[in-house]
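Let's take a friendly walk through this model, one contact at a time. Please have the coordinates open beside the text.

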Amino acid sequence: MSASAPLAPATAALLHRGTVIPAHPLAHPLALTAGRTLDERRQRALTRYYLEAGAGGVAVGVHTTQFAIRDHALFRPVLELAAEESASSVTSRPFLRIAGVAGPVRQAVEEAATARALGYDAVLVSPAGLPHATLDDLLDRSAAVGEILPVIGFYLQEAVGGRELPRAYWRALADQEATVAVKAAPFDRYRTLELVQGIADSDRGAEVALYTGNDDTIVADLLTPYHVTTPTGPAVRRFVGGLLGHWAVWTRSAVRLLADVHAADAGDEAARQRALARLAGDTDANAAVYDVRGSFAGVIAGVHEVLRRQGLLTGTWCLDPAEGLSPGQAQEIDRVHTAYPWLAEEDAFIAGALPRWLA
């Protein structure tokens, strides 16, 4: 199989340097009206928020967007809105447009082709919804998608449809020429380490950027130096950025965090201390938004609730009418918002720009 055309040099440099990529409910939280139809005005406002907050990209059509957009003929419209808005607003800097693709080979390839037609740079290939697929099946699917667009591998946690993917799988995925990055989101330290080791085992390992998707341990992932053995000898690998549902909210705060992490990696001890001061608080905030106490039942509604309070959305409706906030989840969001000043600071930023974003 042949690989897709490579990323543009400036875009590839951004991906490997590391950036903030919100998992846009749209890939940001899908903005729905009370009738559960797409609210285009607020969907565009969400994209404008991510752009002005300083995100280096958006990932659209992924879990936070709701996989069910495919069942409601919303996959292309949602991708199209984000592509249009980012293309018109971002003209002076590189910006990563990533589309989530899912399903069997034919569906994933068709979705990748749609993303390419709309100007997307790469695809995040979800392992969800394929319980009977072997590891070789998943690798063959990634190779087929990789003929259309560059691929970002995805280790999805089991609580929301993922599965265990061993070290050998990640080496084989990194061996594929189209693989440009991986998102580690198993919410498991052992499995995250296996992913890093598997990527390092590949002759192409250095060409594959590591992005955290472990919303429960963002700061630790970003600050940890992973000492690994590669085909050319010992090396240190780091997670250079995040592709995160958690960063669909409080995005400007995430941009500041990643800037501190990068400064810390360059030797700035004050920046390291600022990042470490966020470690427990960011995990606590994620527990509230992602509804850990409710076994993640309110994860999408929790993201929507934060955006609703900030005025970006008008409700917490999800495509599945059964999805909503769990008992006590709103109170948990109240608690973390009060406890951590970097969360409250986001409100003023959004309030000042919201009328313009909604115009």
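Glutamate 84 is partly exposed, with a relative accessible area of 39%; here buried means under 20% relative accessible area, exposed over 50%, and partly exposed in between, using a 1.4 Å probe and protein chains only. The model is predicted, so local features need pLDDT of at least 70 and side-chain atom pairs count only at pLDDT 80 or more, while totals for chains, interfaces and linings use all residues. Residues are numbered from 1 along each chain as its sequence is written, and side-chain values use heavy atoms, leaving out hydrogens and water.

Now look at the partners of arginine 44. Its side chain meets that of glutamate 84 in a salt bridge, at 2.8 Å from N to O; the term stands for a side-chain nitrogen of Lys or Arg within 4 Å of a carboxyl oxygen of Asp or Glu. This pair links distant parts of the chain, 40 residues apart: arginine 44 sits in helix α2 (residues 40-53) and glutamate 84 in helix α3 (residues 75-89). Helices (H or I, at least four residues) and strands (E, at least two) are DSSP runs, numbered from the N terminus. Arginine 44 is buried, with a relative accessible area of 17%.

Arginine 44 also forms a salt bridge with glutamate 85, with the closest N and O atoms 3.1 Å apart. Again α3 and α2 are linked, this time by residues 41 apart in the chain. Glutamate 85 and arginine 44 are both buried.

Elsewhere, arginine 274 pairs with aspartate 260 in a salt bridge whose closest N and O atoms are 2.8 Å apart. Arginine 274 belongs to helix α10 (residues 269-276) and aspartate 260 to helix α9 (residues 251-265), 14 residues apart. Arginine 274 is partly exposed at 44% relative accessible area, whereas aspartate 260 counts as buried at 16%.

A search of the whole structure finds 22 salt bridges.

Finally, turn to the largest pocket, with a volume of about 190 Å³. A pocket is an open set of points on a 1 Å grid over the protein atoms alone, where a 1.4 Å probe fits, with protein on both sides within 12 Å along at least five of seven lines; lining residues have an atom within 4 Å of a point. Grid points are joined across faces, edges and corners, and the volume is the space filled by probe spheres set on them. Of its 14 lining residues, Pro6, Leu7, Glu177, Val180 and Arg204 are the closest to the centre.
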